[in-house]
Amino acid sequence: MTPGPGGPVKFAGALFEGNPEGRVDGDHFCTATVVHSPGRNLIVTAGHCLAPGKQGANGPIFAPAYAGTTAPLGAWRLEEVYEDERWTDDANDDYDLAFARLAPDSSGRNIEDVTGAAALDTTGRTGEQVTVTGYPADRGVPRTCTAVAVREKASEQRFDCADFPGGTSGSAWIARDGKIVGVLTGGDTDDVSTSTVLGEYAATLYRRATGTAPASPPASAPPR
């Protein structure tokens, strides 16, 4: 099933290794999706797709709506990647999630102003129909499928759709209301894919990435 205009294909795209010229070049390795944020400059993907921290001048590049050998909506350099320490330090699959802040393009535009975005839902939703668009690493066009997500355990859900091989990691699971309720992180075969359940840990990570984490409360005054 292919989403209509304004659906996930426009704001889903492929991740490429960086280069000094900031252009799309070589093979893509993962999928990412523009997620709505106050700065209008954020993507979400799987934690195992990216290294955390500032990315530098040769950081990875995101090409939304990539098709064939072209990036019709431009190429966007990643500036900083945010991941949960339980993933980066312990490789705990329950936290295999990453957000990345993107630099503006050469015209000063933020990614969301060009592609639109999907809102993130961190209420732990699962057990409903989702549409997933991923970029297999050996192809120039995306693979899109709609299926029902099934909860496997408290922290994991799965969906069964054929032909989601390497490169589709990081694909957003978009519910019928247009919200992101999962991110493809793995699976035992190309026909069975898994995602963490997006709960409070994802909400906390999103707040870090957007700079909206609440400030620490002031210390209580000592008793008199």
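Leu 78 touches Leu 15, Ile 43, Leu 50, Gln 55, Gly 56, Gly 59, Pro 60, Ile 61, Phe 62, Ala 100, Arg 101 and Leu 102, leaving aside residues up to four places away in sequence. This is a predicted model.

Leu 78 belongs to the largest nonpolar core, which has 37 residues. Leu 15, Ile 43, Phe 62, Leu 78, Leu 97, Phe 99 and Ile 180 are the members that touch the most others. The largest share comes from α4, with five residues. A second core stands separate, with 12 residues including Val 132, Phe 159, Phe 164 and Trp 173. In soluble globular proteins, nonpolar side chains tend to be buried together.

Now turn to α4. Its buried residues are Tyr 201, Ala 202, Ala 203, Leu 205, Tyr 206, Ala 209 and Thr 210. They pack against the strands β2, β3, β6, β7 and β14 (192–196), and against the helix α2 (85–88). Gly 211 follows α4, and its phi is positive, near 70 degrees.

Step back to the whole chain. It holds four helices and 14 strands. Of its 224 residues, 49% are buried. Among contacts with a separation of 6 or more, 64% join residues 24 or more positions apart. The accessible surface comes to about 10,200 Å², and carbon and sulfur atoms account for 49% of that area.

Key. Residues are numbered from 1 along each chain as its sequence is written. This is a predicted model: local features need pLDDT of at least 70, side-chain atom pairs count only at pLDDT 80 or more; totals for chains, interfaces and linings use all residues. Side-chain values use heavy atoms; hydrogens and water are left out. A nonpolar core is a set of buried Ala, Val, Leu, Ile, Met, Phe, Trp, Tyr and Cys residues joined through side-chain atoms within 4.5 Å. Buried means under 20% relative accessible area, exposed over 50%, partly exposed in between (1.4 Å probe, protein chains only). Helices (H or I, at least four residues) and strands (E, at least two) are DSSP runs, numbered from the N terminus. Contact means heavy atoms within 4.5 Å. Accessible areas come from the Shrake-Rupley method with a 1.4 Å probe; for residues, only the protein chains shown count as cover.
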